[in-house]
Amino acid sequence: MKEIRLLFAAAEIFPFAKSGGLGDIAFALPKALRKKISTTAIMPLYGFIDRERYGIAPTGEHFTVTLDGSAHDIEFFHAQYDGMDIFFVYNDTLCDREYIYGPPGEGYGDNDLRFAIFGHSIAEAVERFDFNMLHLNDWHTALAAVIARDKGVKHPIVYTIHNLVYQGVFDARFMKRWGVGDTHFHIDDMEYYGYLNWMKGAIAHADIVTTVSPSYAIEIQLPEFGFGLDGFLRKHSDKLVGILNGIDYDIFDPMRDPSLDASFGPSSIRGKNRCKNAFLKEASLKEKEWPLISFIGRFSEQKGLDILIDSIGELLGNEINLAILGDGESRYIEALKEIEAENENFYLQIGYDESLSHRIYAASDFFLMPSIFEPCGLAQMIAMRYGAIPVVHAVGGLRDTVHPICRTRKICGEGFVFESMDSKSFLAAISEALKLYKKRSSLQKVRRFDMECDFSIEKCAKKYLDLYEGLR
Ligand code: ADP
């Protein structure tokens, strides 16, 4: 086969659109891959993306796809960003929205049609621009695997599951408007208890299915974490691989982060204290000597919001400051707002704020991730890079990246790990962290070690390159 020409498709790519870790990785991974192979990323050109700022221009290429009698015009755009080639797809149904998927905690009712249009655009791009390898991510791009195979595309397809909870399950009646054949309504294909499951279709049609950490690759084959697809994944276990995600150290680098008040690194850690003082002032948190504990993430059941909220009362009774940044389900927002009103040592910011998140990571002594399940998790890796020691539930990617503190410091990533998903175990792990805070030299040793650990995207990209080579 000729040189690899990879098309990497995702519904969100930082900095154009990001709702979580997928956006980070869909930027960082193609950027790292393109140093070795020809790589182009593709995403929708949502209405909120600033075309001028990023130099996004029409390619002059467009096509029309007719779905259930309705014609949908699709236009290709292109930009070069940070050395990376990116195709953007514009169609009004897909793109003219305020949010990527819907308001926080919700999805738009026509997301199936929107991402079916995106799926057709991806399959079209493969043929039109002569790509010979396709890498799809999560349910939003899963239908592209089915459409590409329907169109006779024989090139290898890699499909990555970033989160098995969101599978893209729809009423079978909708199939007509996606432009895929009835033959896919089959138990070995997209059929799923009488519904249609996009992720299942991609698993069936991809050559390789990856997921974002080795532990999660094992967990999703168990009923407890398989969300109804564990049996199908076990059936396809020969093509299932777990590759740990990584982070882009050009973006997440406290030595040269424009969002921070001071720079710092493992060998010059003083700036971290300046960042902490600046943030405490910004957040009106008074006691400067107390440890700052933080949480940044989606307010969802997955992220452990229930045990977080159950534990907060007791936690705030300690000599600590707590900072939470996030958005999501309203029941969690309401509960957190009530707690905020009664506690001076608690800072709460609802919303999505990239720069603030960097300031919080840099200011924090400890970072909480009590996720019920966690495919990989980037936040704990960012936290470690910024010298915030993680407190995590031992699950999925958290298990693979955070290990109990050990004097020999052999395995990268140290923090406080709890096994049992309950407030008691969570609070016990935090109480161990507070003990460490009092032993300054031990604290600095763990902090330095975590900051030096290599969780770079380059490590992850190398594994993907080996995998593509294998497929070639
Ligand atoms: P997810 O399951 O949401 O993808 P990850 O830990 O893999 O979780 O990645 C989350 C990413 O989104 C991190 O870069 C984190 O800093 C960022 N993030 C999450 N919530 C917010 C927020 N409210 N504001 C800014 N950044 C956020």
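Colleague: In this predicted model, is Phe-227 buried, partly exposed or exposed?

Modeller: The relative accessible area of Phe-227 is 34%, and buried would require under 20% whereas exposed would require over 50%. Because its value falls in between, Phe-227 counts as partly exposed.

Colleague: Which residues make the nonpolar surface patch of about 240 Å²?

Modeller: One member, Phe-227, lies in the loop between α8 (223-226) and α9 (230-235). Together with its two partners it makes the patch, whose members are Val-165, Tyr-166 and Phe-227.

Colleague: And which residues form the negative surface patch?

Modeller: Asp-96 belongs to this patch and lies in the loop between α3 (92-95) and α4 (111-128), where its relative accessible area of 46% makes it partly exposed. The patch as a whole is formed by Asp-73, Glu-75, Asp-92 and Asp-96.

Colleague: Turning to the strands, which residue is the bridge partner of Arg-5 in β2?

Modeller: Strand β1 (residues 5-9) is largely enclosed by the rest of the structure, because four of its five residues are buried. It pairs with strand β2 (residues 38-44) in the parallel sense over five bridges, and in β2 the partner of Arg-5 is Ser-38.

Colleague: Which strands stand at the edges of the open sheet of seven strands?

Modeller: The sheet has the order β15-β14-β13-β16-β17-β19-β18, with parallel pairing. Two of these strands each have a single partner strand, so one side of each is left without a neighbour in the sheet, and these edge strands are β15 (346-350) and β18 (403-404).

Colleague: Which residue in β15 stands opposite Leu-322?

Modeller: Strand β14 (residues 321-328) runs parallel to β15 and is joined to it by five bridges. Opposite Leu-322, the residue in β15 is Phe-346.

Key: Residues are numbered from 1 along each chain as its sequence is written. This is a predicted model: local features need pLDDT of at least 70, side-chain atom pairs count only at pLDDT 80 or more; totals for chains, interfaces and linings use all residues. Side-chain values use heavy atoms; hydrogens and water are left out. Patches are made of residues with over 30% relative accessible area and no salt bridge: like charges are joined within 9 Å, nonpolar side chains (Val, Leu, Ile, Met, Phe, Trp, Tyr) within 5 Å. Accessible areas come from the Shrake-Rupley method with a 1.4 Å probe; for residues, only the protein chains shown count as cover. A salt bridge is a side-chain nitrogen of Lys or Arg within 4 Å of a carboxyl oxygen of Asp or Glu. Lys and Arg count as positive and Asp and Glu as negative; His and the chain ends are not counted. The place of a charge is taken as NZ of Lys, CZ of Arg, CG of Asp or CD of Glu. Helices (H or I, at least four residues) and strands (E, at least two) are DSSP runs, numbered from the N terminus. Buried means under 20% relative accessible area, exposed over 50%, partly exposed in between (1.4 Å probe, protein chains only). Two strands pair if DSSP finds at least two bridges between them.
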